[in-house]
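Subject: Structure for you to look at

Hello,

Here is the structure I promised to pass on. Please open it first, then read my notes below.

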Amino acid sequence: IRDSNINAIAAAEVTATQHSRRVVPGVDVSELNFLSQTDLDFGDAPDSYGTSLGSDGPRHIVSSGVRLGATVTSEPNAGTPDGDPDDNGVTIGGPLAIGRDHSFEIETSAAGTLAVWIDHNGNGAFDNATERTQFDIGSAGVQSIVVSVPATATAGTTHARFRFSTDSSAVANPTGAAPNGEVEDYALLIAAPPTDLDLSNASINENTDTSAGDLLVGLLSAVDATPADSFTYALVSGTGDGDNARFMINGDQLMLKQGETIDAETQSSYSVRILVSDSAGLSMQKPLTVNVNDLVELTDADITLDDGSGQRSIIGSVSVRFDTEVVILPDAFVVRKRGSGGGDVDVSFNTIVDPQGRTVATLSFSGAFVQDGGLVDGNYDLRINGSKVTSVAGGLGLDADRNGVTGDDYTFGDV
């Protein structure tokens, strides 16, 4: 059968010795044996890429001697997108990375021409001028090819088309017919590099106990334009790595190592440098700061009776000196006379900030338990409500027992 206008034929059925075969648009069929050589292999990318017969999709006459991979199947038209189980001639090798070369492993059954299209800009079409790469395959077997991903590529899921034939002109375009070989379409991921690194919690309370194990500081996360990408994290040397040795990373968890003492007065912050890498091997580094929360603290030495001389017959006042400037609610101080006939003493106070920036509260007393300007004889205790004292800087509470947890009361029993 010979037809000078064969390129204009969309499809025709030809019967020869009771065998129905499809005439392939764009292919000279004068030498074809219609009994054995008109089964077609189509692509399976979405039809926006020109995949179906109605879109002049790529179609190769199936020949057992020319193919990609171990097998090739025929079909009457393009199948379900990304659904051909016999697309086995290309190993993608993970996500592609913007601005980098990517290596594919290719298996061919013969020498021929391989053309590769990758939709770098994610517009649902293959651009012959900017998205095509051609390779001359010299022999059958497995080999690597390298395709460059431009810096202007769009991150996300996209598609690639691989066409292989002994006729180089037949694979000059992503659509149209070819006299032999195979077409394989693949969905793949183009990855963008991480652009930032975050820590879910960038502070820890002083006095937190680390004797039992490593302390979770916060969870690491990356900012990346690639949808649903995965990341790994590591401590690395460089600017801002001063405290790397005191930390470790477990998955996405930044941990302060077991046995570290956390004291804001000794060290108010830690600095670590972290590398984040995505699934394509793209990475960035960033120094992170972990602040130590300076909790409000007290010791018995910070509480003074009267003038602090120890020479007293009555107690007329009590001074409480906090380790920082604080806000004190009116009912923060409770003085109680213990024993039979005891009870709460009426307490008022005033505050000053000393030259070291520490709040000093001076308590004075009134009511039934006060005589001659001071407390009557007896045993007293002072309780400072931990939930009613907070630091001016940061609004942090009182850590009376120095365990890293605020809000507990401080009791002084020698009033």
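Start with His-60, which sits in strand β4 (residues 59–61). Keep in mind that this is a predicted model.

Is His-60 buried or exposed? The cut-off for buried is under 20% relative accessible area. His-60 has 0% relative accessibility, so it counts as buried.

What does the side chain of His-60 meet there? One of its polar atoms lies 3.5 Å from the backbone oxygen of Phe-164. A polar atom of the His-60 side chain also lies 3.2 Å from the backbone nitrogen of Glu-182. Leaving out residues up to four places away in sequence, His-60 touches several others, including Asp-39, Asp-41, Arg-163, Ser-165 and Val-183.

In β11, Ser-165 is the bridge partner of Thr-113. Strand β8 (residues 112–118) runs antiparallel to β11 (residues 156–165), and six bridges join them. Six bridges also join β8 to strand β9 (residues 132–137), again antiparallel. There, Leu-114 stands opposite Phe-135.

How many residues of β8 are buried? Seven of the seven are, so the strand is largely enclosed by the rest of the structure.

Now zoom out. The protein chain has zero helices and 32 strands. Of its 415 residues, 45% are buried. The chain exposes about 19,000 Å², and carbon and sulfur atoms supply 46% of that. Take the contacts between residues at least 6 apart in sequence: 66% of them join residues at least 24 apart.

Best wishes

Conventions: Residues are numbered from 1 along each chain as its sequence is written. This is a predicted model: local features need pLDDT of at least 70, side-chain atom pairs count only at pLDDT 80 or more; totals for chains, interfaces and linings use all residues. Side-chain values use heavy atoms; hydrogens and water are left out. Buried means under 20% relative accessible area, exposed over 50%, partly exposed in between (1.4 Å probe, protein chains only). Helices (H or I, at least four residues) and strands (E, at least two) are DSSP runs, numbered from the N terminus. Two strands pair if DSSP finds at least two bridges between them. Contact means heavy atoms within 4.5 Å. Accessible areas come from the Shrake-Rupley method with a 1.4 Å probe; for residues, only the protein chains shown count as cover. A polar contact is a pair of N or O atoms within 3.5 Å; within protein, one must be able to donate a hydrogen and the other to accept it, and residues adjacent in sequence count only if both atoms are side-chain atoms.
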